[in-house]
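This report describes how two protein chains are built and how they meet. The sequence and the structure are shown below.

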Amino acid sequence: MSTILLSNIDVGSHLYINFTEDLHLHGETLFVSTLVVVFLSIFLFLGTSDLKKTPGALQNIVEVIYDLIKSVAITQMGPSYYSQFLPFIATIFLFILGCNWAGALIPWKLIEIPQGEFAAPTNDINTTACLAILTSLTYFGAGFKIKGIGYFARYIKPTPLLLPINIIEDFTKPLSLNFRLFGNIVADELTVTVICSVVPLFIPVPIMVLGLFASTIQALIFATLASAYIGEVIE
Amino acid sequence: MDSIVAAASVLAAAIAVGFAGIGPGIGQGNAAGQAVEGIARQPEAEGKIRGTLLLSLAFMESLTIYGLVVALSLLFANPFAG
């Protein structure tokens, strides 16, 4: 069957780094996420290394971010437990925000690689799945740490009849976190690609700005949900 | 790819996105309407209402996104392509 494609859009093709027949890494995802981690580390180090009473520009930004995440964590987890999980929530939030923006703000299309293309690491489903599973593990760990073995009482509340649903919920939570982030980022990039292939100038810019806004919201949503899940377990 | 499978996949992708758009559309409309009403009634609460509204809009939008994920996997990673 011969097909005519108006534009060639790649979804799900990656720059594979092969180790063995079955084991390979996604090169571009790994590269961009490493870049994000390095950038975030430098940014946070510079922002917090020289703390002053009257903050400079960098310290101001860091303080705003800290206040935002802290308010999210306090609303979801309550004032007595939030501080233990604040580093996790903050890491998740900053990493996702950095990843989403790295895909949108850096002109990756200028760099040609043999397979796939550079993009936001969060448009690879493996990245988002990893983040979602980490969230799951964290709320399991939080439950065990704070409630001990009594954590399992949660599964037969409010009645033992709900046991299957409560167990299924443990699988649907990471799944929905995963698909939400992945779908939103892929949808943004796909929209921009499709519109660029039709009208390459000026028209895509508002869509890109909207994508930037939406990806910020998605990072916030992921952090909020992660802390809501933790809060639900420990309350 | 078999042409029947291709045609069915394209159709299924369109239906998935189309129907997934209906519910969240209604929900988002309701939420936005209520938020506007709330702001009109109490303009000083605008900041709080806006924050909550954005968060809940994103939740609703994610339902559409599930449909989109199904559509994308049918179009680009079709398990029945053979």
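## Contact between the chains

In this predicted model, 14 residues of chain A are in contact with 13 residues of chain B. On the chain A side, the elements that give two or more residues are α5 (163-198) and α6 (204-234). Of the elements of chain A, α5(A) gives the most to this side, with 7 residues. Sorted by class, the side of chain A that touches chain B has 8 nonpolar, 5 polar and 1 charged residues.

The axes of α6(A) and α2(B) are 10 Å apart, and the two helices pack at an angle of about 90°. The helices α6(A) and α2(B) are therefore roughly perpendicular to each other, since angles of 65 to 115 degrees count as such. From α6(A), the contact is made by Ile217(A), Gln218(A), Ile221(A) and Thr224(A); from α2(B), it is made by Leu54(B), Leu55(B) and Ala58(B). By class, this contact has 5 nonpolar, 2 polar and no charged residues.

## Architecture of chain A

Chain A has 6 helices and 2 strands. Along the sequence, the pattern is β-β-α-α-α-α-α-α. Taken along the principal axes, the C-alpha atoms of chain A fill a box of roughly 60 × 60 × 40 Å.

Of the 235 residues in chain A, 30% are buried. Among the contacts in chain A between residues at least 6 apart in sequence, 67% join residues at least 24 apart.

## The loop between α5 and α6 of chain A

The loop between α5 and α6 of chain A contains Phe202(A). Most residues other than glycine have a negative phi. Phe202(A), although not a glycine, has a positive phi of about 65°. Phe202(A) counts as exposed because it has 7 C-beta neighbours inside 10 Å, and the cut-off for an exposed residue is 12 or fewer.

## The helices of chain B

Helix α1 of chain B covers residues 3-41, 39 residues in total. From its first C-alpha to its last, α1(B) reaches 57 Å, close to the 57 Å expected at 1.5 Å a residue. The buried residues of α1(B) are Ser9(B), Ala13(B), Ala16(B) and Pro24(B). What covers these buried residues includes α2 (46-76) of chain B.

How do α1(B) and α2(B) cross? Their axes come within 8 Å and cross at roughly 175°. That angle makes α1(B) roughly antiparallel to α2(B), because angles over 145 degrees count as roughly antiparallel. The residues of the contact of α1(B) with α2(B) divide into 22 nonpolar, 9 polar and 2 charged.

## Annotated regions of chain B

An unreviewed UniProt entry lists "domain: V-ATPase proteolipid subunit C-like" for residues 11-72 of chain B. In the model, residues 11-72 of chain B are 94% helix and 0% strand, with the end C-alpha atoms 12 Å apart.

The feature "transmembrane region" is placed by UniProt, in an unreviewed entry, at residues 53-77 of chain B. Over residues 53-77, the chain is 96% helix and 0% strand, and the end C-alpha atoms are 34 Å apart.

Notes:
Residues numbered from 1 in each chain as written. Chains lettered and ligands numbered in written order. Predicted model: local features only at pLDDT ≥ 70, side-chain atom pairs only at ≥ 80, totals over all residues. Helix = DSSP H or I, 4+ residues; strand = E, 2+ residues; numbered from the N terminus. Expected span 1.5 Å × (residues − 1). Buried ≥ 20, exposed ≤ 12 C-beta atoms within 10 Å, placed from the backbone. Contact = placed C-beta atoms within 7 Å. UniProt positions renumbered as here; feature names shortened; annotations may be inferred. Axes fitted to C-alpha atoms, helices over the stretch in contact; angles between N-to-C directions. Parallel < 35°, antiparallel > 145°, perpendicular 65-115°, else oblique. Nonpolar A, V, L, I, M, F, W, Y, C, P; charged D, E, K, R; others polar.
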